[in-house]
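Dear colleague,

Please find below the structure that I am handing over to you.

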Amino acid sequence: MKGRNMTRWRDPAKDPRQEPKSNLITAEGADRLRGILDHLSRVKRPALSAKVGEAAALGDRSENADYTYNKKELNRVIARIRYLTKRLDELQVVDRLPEDTDRIYFGAFVTLEDDDGEEMRIRLVGHDETDTAKRWISVDAPLAKALLGKSLDDEVTVAAPGGEATYVITEIAYRDPQA
């Protein structure tokens with residue numbers, strides 16, 4: 001059977017999307033998720049509920065675009081609240097520095113230099129707080145896995161889409177979670 005909802009079959013044992021994700025998060029990432037949950041619960045959901053109530057009071061719901069749109073938006077917000085509540089319960093907040101700050105562990109800011117001499121500064125964070133604009137990568141990413149446990153001046157080789165990439169670690173820094 002063919003159709004737009006059909007996807008190609010993937011072997012679950014080899015599918016990278018099926019790999020378990022770590023449940024680590026920084027203290028600031030957990031605070032950000034709690035803030036989002038609080039905003040959705042206290043501000044967004046009541047406002048949408050009021051809009052749905054007002055639109056429903058206008059009469060025929062089958063031809064009421066305001067009712068349909070706001071009801072869908074309300075259901076989306078409720079689903080997000082449910083997801084965040086469950087996810088925050090599963091997460092393990094890392095709120096202390098590692099004992100050996102000369103090695104790369106979760107939460108580290110790492111400066112890498114490639115073969116061309118270009119520098120790149122990244123941070124190893126949890127799956128829920130990755131941000132490509134800030135160059136915060138998941139601790140589950142291939143580059144992060146290759147970096148874990150390494151120290152200053154170590155060389156790291158990682159498989160990249162254009163072939164293998166080699167980096168030298170030029171700086172390791174941590175932000176104190178208590179500050």
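**Salt bridges and a charged patch**

Arg 76 and Glu 73 are both part of helix H2 (residues 65–90), where three residues, about one turn of the helix, separate them. Helices here are DSSP runs of H or I with at least four residues, strands are runs of E with at least two, and both are numbered from the N terminus. The model is a predicted one, in which local features need pLDDT of at least 70 and side-chain atom pairs count only at pLDDT 80 or more, while totals for chains, interfaces and linings use all residues. Residues are numbered from 1 along each chain as its sequence is written, and side-chain values use heavy atoms, with hydrogens and water left out.

The side chains of Arg 76 and Glu 73 form a salt bridge, at 2.6 Å from N to O. The term denotes a side-chain nitrogen of Lys or Arg within 4 Å of a carboxyl oxygen of Asp or Glu. By this rule there are nine salt bridges. Arg 76 counts as partly exposed because its relative accessibility is 48%, whereas Glu 73, at 15%, counts as buried. In these terms, buried means under 20% relative accessible area, exposed means over 50%, and partly exposed lies in between (1.4 Å probe, protein chains only).

Helix H2 also holds Arg 87 and Glu 90, again three residues apart. Their closest N and O atoms are 3.2 Å apart, in a salt bridge. Arg 87 is buried, at 9% relative accessibility, and Glu 90 is partly exposed, at 37%.

A further salt bridge joins Arg 103 to Asp 100, at 3.6 Å from N to O. Arg 103 is partly exposed at 32% relative accessibility, and Asp 100 is likewise partly exposed at 32%.

Asp 115, Asp 116, Glu 118 and Glu 155 make up a negative surface patch. For such a patch, residues must have over 30% relative accessible area and no salt bridge, and like charges are joined within 9 Å. Asp 115 lies in the loop between strand E3 (109–114) and strand E4 (119–125), and Asp 115 is exposed, at 66%.

Glu 155 has Val 168 in E7 as its bridge partner. Strands E6 (residues 155–160) and E7 (residues 163–173) run antiparallel and are joined by six bridges; two strands pair if DSSP finds at least two bridges between them. The hairpin from E6 to E7 passes through two residues.

Yours sincerely

Terms used. Patches are made of residues with over 30% relative accessible area and no salt bridge: like charges are joined within 9 Å, nonpolar side chains (Val, Leu, Ile, Met, Phe, Trp, Tyr) within 5 Å. Accessible areas come from the Shrake-Rupley method with a 1.4 Å probe; for residues, only the protein chains shown count as cover. Lys and Arg count as positive and Asp and Glu as negative; His and the chain ends are not counted. The place of a charge is taken as NZ of Lys, CZ of Arg, CG of Asp or CD of Glu.
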